[in-house]
Amino acid sequence: GFAESSCEYQNDASQSADNGVDCQLGAPSLTVSCSDSADLSDCNNNRNANKAMKGVEVWSRIVQSPGLYQGLTCEQVSASENEASYGGKMDVQCDGRGICREFRDCAITCANAVALGSAGNEPAPGNNAGSCGGGTWSACDYTCSQTRINSVLMNDGKCHEEKALEFTRPCHVQACGRADPCRVPFVVHAILKMRGVVASRWNKQAEELLADAFSAAVNWKRKSSELLFEPGDVNVLSSSP
């Protein structure tokens, strides 16, 4: 099917509260640890081993769905979950590119900071790619961008984000065209039937692999400036008998 946007839409505020869908966030990954952010200059003296140094932990969460209409925003969902799980002070910033950063005050003793430094930040034994549930793209957010982060389970029992493996790409689905449908003037619907697929193994990674392959096949031999669409423009809706 081929559909052209009418560019006619209603503001979110005019929608009924009954249609509200809350934002959905992925599991948090530690981006900046307490020992990394604290000033440890006073920890050189062994007499200060039990001195508590203040810092700020930064946790990153991908936006799995930005929500709809009168539902809770990603900031509100983050604050609500923090209150239920941690209860401490927290600030949250969502950048509109599919990522929310949570900032939490923390404290660490010099002894613990030194111990962490000497032990090193190594992956936990038996760690595998799915231990932290990362490695997939976020939802397409209102800036028409989405982000992918990769997290690894470390020997401290926490999932740590690998900053060098954070990527952002353009997209034109989901929230991108919701505020202004004219951003996405045309939508093409394609139905693909695949044989031999094991439904129980179909997951988010499989959807992204399909989007990559579909985009590559359609844009075969086209120059980068002539692409009809990119993987971030493909929204996969799955159905099985």
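Author: Cysteine 94 and cysteine 100 are both buried, a word for under 20% relative accessible area, with over 50% called exposed and values in between partly exposed (1.4 Å probe, protein chains only). This is a predicted model, in which local features need pLDDT of at least 70 and side-chain atom pairs pLDDT 80 or more, while totals for chains, interfaces and linings use all residues. Residues are numbered from 1 along each chain as its sequence is written, and side-chain values use heavy atoms, without hydrogens and water.

Reader: Why is the link between cysteine 94 and cysteine 100 called a disulfide?

Author: A disulfide is a pair of cysteine sulfur atoms within 2.5 Å. The sulfur atoms of cysteine 94 and cysteine 100 are 2.0 Å apart, so the pair qualifies. The structure holds five disulfides.

Reader: What does the disulfide of cysteine 23 and cysteine 74 tie together?

Author: Their sulfur atoms are 2.2 Å apart, and the link is right-handed, with 90° about the S-S bond. Cysteine 23 lies in the loop between β1 (2-4) and β2 (24-25) and cysteine 74 in helix α2 (residues 74-85), so the link ties together parts 51 residues apart in sequence. Helices (H or I, at least four residues) and strands (E, at least two) are DSSP runs, numbered from the N terminus.

Reader: How do you know whether cysteine 23 is buried or exposed?

Author: Its relative accessibility is 4%, so cysteine 23 counts as buried. Cysteine 74, at 9%, also counts as buried.

Reader: What makes cysteine 34 and cysteine 106 a disulfide?

Author: Their sulfur atoms are 2.2 Å apart, so they meet the same cut-off. The pair links distant parts of the chain, with cysteine 34 in helix α1 (residues 34-37) and cysteine 106 in strand β6, 72 residues apart.

Reader: Which residues make up the largest nonpolar core?

Author: Cys34, Ala38, Cys43, Met53, Cys106, Ile108, Cys110 and Ala113 make up this core. The elements giving two or more residues to the core are β6 (99-109) and α3 (110-119). A nonpolar core is a set of buried Ala, Val, Leu, Ile, Met, Phe, Trp, Tyr and Cys residues joined through side-chain atoms within 4.5 Å. Cysteine 34 has 7% relative accessibility, so it counts as buried; cysteine 106, at 15%, counts as buried too.
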